[in-house]
Amino acid sequence: SAQTRAITARNAVLVSTPQALTGCAPINARDVVLLAGGNVSTGAVLAGVPSPSAANPAPGTIPTGRVLIASNGLAAESFLRSASVDYAALLAASPVRTGGTVNVGAVNAGRFVSYSQGAMTGAAITTSDALFVESGGRVTVAQRWFAPEMIISSGDIRIVDNGTVTGATGL
């Protein structure tokens, strides 16, 4: 399996492995693409807003970056070894499910997409555009999720009691 530490990048972050992927610390970049053949587990992710804290971006900031969690089969090795990866094409491609589960910490992004064969659990997820989750297992909304557009596709969805819904865009 592959494991990362804290990652901060001005542009995009792309991590791809045929095995499981564990990101123990925050990831802060314009766009974040995590591709794995097995389970994906990461701490906080901030995409599209320069901030020292992925879990707590500066007040008034609107994240515009994209987060994609999918199978490493989504991108060929030659594509990944290219000197200039076409992130727009990669992020626009039809996602392929990871071979395992997905577990994410707090996420702040413009768009969040997660496709997995196994269960998906997410802490607080806030997007300024859209949130799409497709899972072959249980999807657990462990903390509040906010997005103007939200689609959760699973045969088993669990929403942890986080209090009351405070707006039309949250779970």
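Reader: What should I know about the model before we start?
Author: This is a predicted model, where local features need pLDDT of at least 70 and side-chain atom pairs count only at pLDDT 80 or more, while totals for chains, interfaces and linings use all residues. Residues are numbered from 1 along each chain as its sequence is written, and side-chain values use heavy atoms, with hydrogens and water left out.

Reader: What makes a stretch count among the 17 strands?
Author: Strands are DSSP runs of E with at least two residues, and helices are runs of H or I with at least four, numbered from the N terminus. By that rule the protein chain has 17 strands and two helices.

Reader: How do you know that strand 14 and strand 17 pair?
Author: Two strands pair if DSSP finds at least two bridges between them. Strand 14 (residues 138-141) and strand 17 share four bridges in the parallel sense, so they pair. Val141 stands opposite Ile159 in strand 17.

Reader: What makes a set of residues a nonpolar core?
Author: Its members are buried Ala, Val, Leu, Ile, Met, Phe, Trp, Tyr and Cys residues joined through side-chain atoms within 4.5 Å; buried means under 20% relative accessible area with a 1.4 Å probe, protein chains only. The largest such core has 28 residues, and Val67, Phe112, Met120 and Trp145 have the most contacts inside it. A second, separate core of 14 residues includes Ala12 and Tyr115.

Notes:
Buried < 20%, exposed > 50% of the residue type's maximum accessible area, 1.4 Å probe, protein only.
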